[in-house]
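Subject: Structure handover

Hello,

Here is the structure I promised to pass on. Please open it first, then read my notes below.

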Amino acid sequence: MMVLAVLLSTTLVMAQTAGNEVDVKGTVVSASQSALLAGSTVVVKDAGGRTVGSTNTQKDGTFRLKVKSSTAITVLVNYIGFNDYNSGTITLKQEDLDLGRIYLDTKSTMLEGVTIVASRKKPLVQSTKDKLIYNAASDISNKSGNAADVLRKAPMLTVGANGDLKLRGNSNIKVLINGIPSRIMAKNLKEALKMIPASSIVSVEVITNPSSKYEAEGAAGVVNIITKKKLKGTSGTLDMTGGNLEHTGNLSLNMSSGKFNISAMGNYSEERERTTSSLNRTNLNNGKQTGSLFQESDMLQTTKGGSASLSAQYKIDSLQTLEASYSYWNGSWPQKGGLFNRYKNADQYQEYRQKTEQSGKFNFSEWVLNYQKKFHREGQELQIIGLASTASDVSNYLTEQYKPDGQLAFTERGPNNSKEKEWSVQADYSHPFGQEGKTSLETGVKYLGNNSKSVYEVLNSSLPVDPSRSGSMQYRQQIFSAYATLNFDLGNDWTLRPGIRFENTDINATFQNNAPYTRKFSNWVPNLLVVKKLGERHEVKLDYNERIRRPWIMDLNPYANAADPMNITQGNPYLNPELTRKLELSHTYTGSKNTLLTSSIYYSSNKNAVEQIARVNEKGISYTMPDNIGESTRMGVNVNAVFNPFKIWTVNAGAEVFHLKFRSNSLGLKNDGTFFNSSISNTINLMKGLQFSASGDYGNGFITLQGKNSANYSYRFAVKKDFMNNKASLTLAVINPFQNNFKETVYAFAPTFQSTQINRFYNRAATLTFSWQFGGLRASREKESHFSDQSDDKSPRKRRK
């Protein structure tokens, strides 16, 4: 209702004043090269020096503002690396003012030695037609930690105490790296995020309603993590972090000569996590207690890993670019600990202790070949991308179970080894129509293939091999997709973007001990975006979107992890895909001095939702696996604001309230609740070269079909000091300093059981980060690719001063 009230009042004001306004327009061009300067800042001031309008030039260098007529104005234009433009005093009349082509002269700048010329610091949060951009590099608290720590500060994203990433309360997210899907994110998102140093992340794009050019996977939306900057020259950056819970290092190099540009990046991370928990579970039969389980555990996990990448770009000519890259990831997350179990019912009493070791290791390689062809016409582009990856995973558990008198009862080992190959090729094309290109078409096709194999078994020292607990599976997936999106500039500040995507999916899985799984289905996935600008500061968007979720190999794999014999997890070979429909109304207000306010109301519905379901048998053993539960719906409101209370103080704050409802007729279960999440980040420039940051987030919990989690919160403080002419810095950060551990309570229920589990996460930490930029660094003035999801970003691009 708040959003609708703001829109209504704004519309009335605009209607009253529209008759007294005229358009001020023009085109900003480089005087030396006649290049269109997209992203130039245009400010209009009145005779008293007050700002009456501001904007950034579009990708064709044009701008347009509405200003009251019969007013004396001055038009100012600036673009980093160029001399400022000042029109002098202009008296407006009743007709529109066309300034024509405004030419900016290049500044003359000398580089001395290895002095680094930094680009202008971007606003903390930016809004475009289809996404919110969190510029992580502008937040000093991101010098330490990993990608999960960065994502928790991005709008609408939450990261739970256990590391689970959610977008508007939904964990089904498609995560991209530099605009390209990466299997490392799909295979084990929680662990992969821990291996990306926060210091390597430039920005995070949150896309709740993706256009048709994105794959339809990901019910909640798309998160794109940008980890590389476009730079020219020979340069590099080094970040090293040490702390009580983490150690990371990140080195990036860039070498440019003529038509060649080579960049390399390598990083290493190590993080310790300790978690203790206690579980009380009651078995039920027709509402009566039939047994009880009590557990206590203390587990320590050490995540170690690193990655390296090499990218080479060759500019064939002024319109064609060829780029090849290779990435390698290696990681492990061994976990060790102890577990106490006590189970009793009318017939038995069982008590034992056990030592548990779980190991997870993986190797991942990825090759990407990217060809881009631009045409003389602005906005007409072709891009072809080929991708291939290989991966190997090892997931084992070792359990030693001891009797109450300390005697060893048995040992059990459960190895699970898998290998995977994936390849894809896609072509994307953009074509503008008409002389002004106000209508354009984006279209493309893609083929993706995946072959995976998994072999698993269970070996018990006191029992013969159980054939039902050992076996293998082979998984094959082929997806062909095509899409088309039309962009209409309808005039009067109306924009219409209808799109349709077709995806044909063929999934085939064979199992040693189960019937084969075959699914063939086709989906027409439509979306529609309607945008209306109300003056220079307000924008309204209405969006309809559909998304799908296919069963992944880990969803289907029947391998049973029995490291805890009373709580077994496994895959479900018979999952069906799910389809989510979403409708959203949003409003954006852009004020002066980087003020940005975004708000939205949304509703989504899923008729075949996939959730983790726990079932407890008569022996008190819980089996958890993904299942199609039936229906889930969510309705919510979210607000995010960025503003400067004072010149030296920047605040980024967000809040969201949403209602979730789950219902499964087949299981006889339903659950619903209203929840909220909030976050705030403050950055203060105390003095030259010294900055202070304080941030925190809080959520009152979350529900599933079978339960509810208690509140979740975290907070951190950071101080950064620049030195060596701003080429180096030290950042001291403390995380959750006022608590030894964070307590989380998890409630679960079903007709066969009720349980309460208390988890404690020991996450108090302190880190010290050294950062160094070296070499003759200057940012590229080359225009970003239309397909890099930056085309709607109206902020100034990085440029040489």
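**A buried asparagine**

The side chain of Asn450 makes a polar contact with the side chain of Glu422, at 3.0 Å. A second polar contact joins the Asn450 side chain to that of Glu420, at 2.8 Å. (A polar contact is a pair of N or O atoms within 3.5 Å; within protein, one must be able to donate a hydrogen and the other to accept it, and residues adjacent in sequence count only if both atoms are side-chain atoms.) Asn450 lies in strand 27, residues 439–456. Asn450 is buried, with a relative accessible area of 2%. (Buried means under 20% relative accessible area, exposed over 50%, partly exposed in between, with a 1.4 Å probe and protein chains only.)

**What you are looking at**

This is a predicted model: local features need pLDDT of at least 70, side-chain atom pairs count only at pLDDT 80 or more, and totals for chains, interfaces and linings use all residues. Residues are numbered from 1 along each chain as its sequence is written, and side-chain values use heavy atoms, with hydrogens and water left out.

**The annotated domain**

UniProt, in an unreviewed entry, places "domain: Outer membrane protein beta-barrel" at residues 373–772. UniProt positions follow the numbering used here, feature names are shortened, and annotations may be inferred rather than shown by experiment. Residues 373–772 are 1% helix and 75% strand. Their end C-alpha atoms lie 36 Å apart. (Helices, H or I with at least four residues, and strands, E with at least two, are DSSP runs numbered from the N terminus.)

Strand 22 (residues 335–345) pairs with strand 20 (residues 288–315) in the antiparallel sense, over eleven bridges. (Two strands pair if DSSP finds at least two bridges between them.) Ser297 has Leu339 of strand 22 as its bridge partner. Strand 22 also pairs with strand 23 (residues 349–374), again antiparallel, over ten bridges. There, Arg342 is bridged to Glu351 of strand 23. Three residues separate strands 22 and 23, which form a hairpin.

Which order do the strands of the open sheet follow? The order is 3-2-5-6, with antiparallel pairing. Strand 3 (51–56) and strand 6 (85–91) are the edges, each pairing on one side only. Neighbouring strands of this sheet are turned by 15° against each other on average, direction ignored. (Axes are lines fitted to C-alpha atoms, for helices over the stretch in contact; angles run from 0 to 180 degrees between N-to-C directions.) Strand 5 (residues 72–78) pairs with strand 6 over five bridges. Val77 has Tyr85 of strand 6 as its bridge partner.

Best wishes
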